[in-house]
Amino acid sequence: MERRSFIKISGLAGGGLMASTLIPSKLMATPKNGDWEPNFWIKISPDNTITFICSKMEMGQGVSTGLSQIVADELGVNLDLLKVELAEGDPKFGDLQDTGGSNGIADLWKPLRDAAASTREILIKAAATRWEEDTTNLIAEDGYVKRIGTSKRLSFGELSEEASKLTASENPKWKPRSQFKYIGKPLSGQRQKAISTGETKFSLDLRMPGMKYAVIERSPVYGGKLVSFNDKKAREVKGVIDVFSIDGSPQERNIFEGGVRDGVVVVAENTWAAIQAKSKLEITWDDGPRGSDSGEDSIKLQKELMQMDHDRHTLIGDVDDVFEKSGEVKEFEYTIDCQVNACMEPLNSVAHYQGNRLEVWAGTQSPQLDQGRLAKILNLEPDHVTVNPYPSGGGFGRRFYADYVEESAIISKRINAPVKLMWTREDTIKTNRYHDIRVERWKGSLDSGNKIEAFDYIGVVSRSSGYRPFPYSVPNQGFYVNRLKEKILHLYTSWRSVTGHHWIFSQESFMDEMAYAARVDPVQFRYDHLDENGVIKQKGDYTREDLYPSRVKKVLEVVADKGNWGRAMPEGSGQGVATSSYNCAYCALLAEVTVEGSSFKIDKVVAAIDCGYAINPSQVKAQVEGSIIWGISALYTKIDIVNGRTVQSNYHDYKLPRIDETPEIEVHIVENNFAPSGSGEPAVPVTAPAVLNAIYAASGKRVRRIPVRAEDLV
């Protein structure tokens, strides 16, 4: 039973219906103290309040709206009347509660439709039994079961008790597209409306009786140790309650769990007092072995390691033989500097430790992971730890990590009171986890037909993992992963598009360089390497479908057409393209750029995305637009590490694009019948290479490092 699917329909305490449908058996709802745990998706109360328990986190992407559209259509509920709640962290959800990798809609498309369809069927069955009718004469619509052609109806709430006693089908029948009212429509949901009117509450807004406020001065160097501190001046600040140190925790094998720095905590009656007192601390640190780390040293080390002999992780064909016989082997090196997730809402968490129980409120992308981590470090039973997920002002992968939640729990236990831990903007920049600096190297040779005959890749992505397969048809391929786990500069974090940012940047830069070497139009060169009938195996831990080069070609065709590829450009201007496959989604970008001296301006970006069936086209377009702006940021700013310390500290020196620096963006959705995939990340990794390829077309200057430096353009 553990691995197979099943359906369970159960009654709620006090009446009502709970549906936990076609999901692994560990997701079954179980009674607790006479009530039902909120580890299900659909709840129907006797008063006909219909609630969708959303197991994915809201961090600006609007996932609860898309998922609500699925529930409303498949169940037969008015979308505006469907109540949405975020599910508490619970290991019973497994990875269906993780929000990352553009997985929200993709993860839940099938199980959620099954849950809603089976619930609809059993409600109809309950009504048919009461009315002594055939189920074929009944429909579920707007929260009621109705007899077709009459005014006869019963609300879902009225039927919930009877339905809870019936057996549901293990193979519920989905509605056809022709019956959808909401799926595929560009709609706004409750969450968007609440945000736009200022009604949404974030964990940063939370208040509770007796709550204290805390900030932490962390070791400026990852792995550094606290030697001593003087808190005399800090304690003189009005409102300060206590000052104490906390020990850092080592990096756990699961990097999403552990990894807290040594620090000095200030607890006060309000956040301002805590921040003021923090600035008055006098601290002596032992920087440890990473006190001499620098980004440039990391680049040097990676380049040195690339020159060493190594066995490839994946080898297709005979790369070495082709290179040996080739008249010319091209070699290119690409460098991607550190980035940080500088979310608009800084990291924060509220925790209340009460002896043998802990309750936490936080914007988190992994509430069930937080629950397990907190239970582990505080030696509590997991069901004695409650993690209440809140919407967050951005996440982008950073809120998948449990460190900030862990800190709040440690502090609450120490002071024996509820506490709100807040990271300042400077904390978020200076002592955060970072998307690491990487060097990627590609070698390639052309055959007599001006196609790539062989390439050899060294970088952050291993082809053998099946995570980032190469979409183009090349008979001889070599892959070696150079992750440098033991040499990593700082605690690693997922940054929107994760390793796709490194991989696609170098891949699409390489493809462009090889196109120019072959003297073939860059778009045509890509067409020539895309096997329309081919299928590249990639199913694995991170992907649900194999890769289809025909879908890569289609999005490229769309941007080439809509962006008027190849048109005459003014002097100093140029066009560039790039494509990607990312977790079963496909994206292509065409960028138009103007270069003047040592600076460049992105004039326009045209994007095409194939994310399967677009549940909410408006949200898809918004996500692609946001992804492009996110990708643009890496062209302008970075994190520098010198002597183990982060140089940047706030938005003035980690400068993100402003509105007046954002180009015109045009997004086209490629419609098809594939299952939905994500739209929040696929456009990120293609942005930089499309722009840099346009810079080359405009100026003849090939930029192989981001962010772009003035000296690269002159």
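In the predicted model, the side chains of Arg705 and Glu296 are joined by a polar contact of 2.9 Å. A second polar contact, likewise given as 2.9 Å, runs from the side chain of Arg705 to that of Asp337. Arg705 belongs to strand E31, which spans residues 705-706. With a relative accessible area of 12%, Arg705 is classed as buried because this value falls under the 20% limit. When neighbours within four places in sequence are set aside, the residues in contact with Arg705 are Glu296, Ile299, Thr335, Asp337, Ile437, Phe505, Lys638 and Asp712.

Aromatic pairing was examined next. The model contains 23 aromatic pairs. One of these is formed by Phe455 and Phe479 in an edge-to-face arrangement, with 5.5 Å from centre to centre and 85° between the planes. The pair links distant parts of the chain, since Phe455 is located in strand E23 (residues 452-459) and Phe479 in strand E24 (residues 476-481), 24 residues apart. Phe455 and Phe479 are both buried. Phe455 also pairs with Phe510, again edge-to-face, at 6.4 Å between centres and with 65° between the planes. Because Phe455 lies in strand E23 whereas Phe510 lies in helix H12 (residues 500-518), this pair ties together parts separated by 55 residues in sequence. Phe510, like Phe455, is buried.

The charged end of Arg177 sits over the ring of Tyr613, at 3.5 Å from the ring centre. For Arg414, the charged end sits over the ring of Phe244, and the distance to the ring centre is 4.2 Å.

Helix H1 comprises 13 residues (63-75). The distance from the first C-alpha of H1 to the last is 18 Å, close to the 18 Å expected at 1.5 Å a residue. H1 is mostly covered, with 13 of its 13 residues buried. The helix is followed by Gly76, for which phi is positive, near 100°.

Technical notes. Residues numbered from 1 in each chain as written. Predicted model: local features only at pLDDT ≥ 70, side-chain atom pairs only at ≥ 80, totals over all residues. Heavy atoms only, no water. Helix = DSSP H or I, 4+ residues; strand = E, 2+ residues; numbered from the N terminus. Buried < 20%, exposed > 50% of the residue type's maximum accessible area, 1.4 Å probe, protein only. Polar contact = N/O pair within 3.5 Å; in protein donor to acceptor, adjacent residues only side chain to side chain. Contact = heavy atoms within 4.5 Å. Phe/Tyr/Trp six-rings, centres within 6.5 Å; stacked < 30°, edge-to-face > 60°. Lys NZ or Arg CZ within 6 Å of the ring centre and 35° of its normal. Expected span 1.5 Å × (residues − 1).
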